[in-house]
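Please have the sequence and the structure open while you read.

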Amino acid sequence: MTLIDRTHRAGGSPQASAPLLRVSDVRKSYATPQGPIPVLKGVDLTLAAGESLALLGESGSGKSTLLHLIGGLDDADSGEIMLDGVRVTGQPDAERAALRRERIGIVFQQFNLVPSLTVAGNIAFQARIAGRFDAAWQEELMERLGLAALRHRYPEQLSGGQQQRVSIGRALAIRPRLLIADEPTGNLDEATGDEVMGLALDLIARTGCGFLMVTHSTRLARRLDRQVTLASGVLAGA
Ligand code: ADP
Ligand code: MG
């Protein structure tokens, strides 16, 4: 995004509303036989609705840990994560699962498609569970992701790039408020990764959801609105 775009966007929404996502002083340790290993040591982060943020950092710096906490897959030791006015942290597992189902789309490096379901079945799967299936939106997702002609195929009949496009469709099918992606292009070659990211960013802009992506590629990171780096358990950068 250029400076002009940014200025224009800021100017277009003068009323400062609460951010979509607010991470406040989040801490997380893992128990090991040698004692607890602190991974996140007071992470602060905000993301506005419709904003995209790249999360960079060395392997083992805690990027997946932070994404898992934001996505409600695990809970923090302390601190608070608020998404769309709802507290993610300190909730029972069932509450976090419901929040995930309704508001958060997740894309993993390993695609994680259901092998026994077709392309169309995979995209519809979570939306149906959440009671948010929308046939027109499902069709638009398949069109825009270039999957319409592949709708009856099974994951094993797809390339890596095609599988990742299905997993993006699945994540967006619920019309999430926030999409999080953990190294979504990590298993793809550069050209395929670029293509998948282009399609994803276009759809994300259409849904207006926030987007948080872990990547090792500074080149891909620059395609998002902001970049932050996790190091020594805290976030740096703008
Ligand atoms: P990144 O995604 O940045 O590579 P992770 O969040 O996966 O980093 O891991 C951060 C640190 O926490 C690493 O040292 C990792 O070994 C450790 N870790 C991650 N998950 C667990 C776990 N379930 N139990 C113990 N240690 C873990
Ligand atoms: Mg990771």
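## A glutamine inside a helix

Gln164 is found in helix H6 of this model, which is a predicted one. With a relative accessible area of 0%, Gln164 counts as buried, because the cut-off for that word is under 20%.

Once the neighbours within four places in sequence are left aside, the residues in contact with Gln164 are Val107, Phe108, Gln109, Phe111, Pro184, Leu188 and Val196.

## The nonpolar cores

The largest nonpolar core has 38 residues, and those that touch the most other members are Ile123, Leu147, Leu172, Leu179 and Phe211. Several elements each supply at least two residues of this core, including strand E3 (52–56), helix H4 (119–129), helix H6 (160–173) and strand E8 (210–214). The largest share, 6 residues, comes from H7.

Another core, of 29 residues, lies apart from the largest one, and among its members are Leu55, Leu67, Leu99 and Leu178.

## An exposed aspartate

Asp93 has its place in helix H3, which covers residues 93–103. Its relative accessibility is 57%, and Asp93 therefore counts as exposed, a word that applies over 50%.

The side chain of Asp93 makes a polar contact with the side chain of Arg96, at 3.0 Å. Asp93 and Arg206, by contrast, are 113 residues apart in sequence and lie 31 Å apart in space, taken from C-alpha to C-alpha.

Conventions
Residues are numbered from 1 along each chain as its sequence is written. Chains are lettered from A and ligands numbered from 1 in the order in which they are written. This is a predicted model: local features need pLDDT of at least 70, side-chain atom pairs count only at pLDDT 80 or more; totals for chains, interfaces and linings use all residues. Side-chain values use heavy atoms; hydrogens and water are left out. A nonpolar core is a set of buried Ala, Val, Leu, Ile, Met, Phe, Trp, Tyr and Cys residues joined through side-chain atoms within 4.5 Å. Buried means under 20% relative accessible area, exposed over 50%, partly exposed in between (1.4 Å probe, protein chains only). Helices (H or I, at least four residues) and strands (E, at least two) are DSSP runs, numbered from the N terminus. Contact means heavy atoms within 4.5 Å. A polar contact is a pair of N or O atoms within 3.5 Å; within protein, one must be able to donate a hydrogen and the other to accept it, and residues adjacent in sequence count only if both atoms are side-chain atoms.
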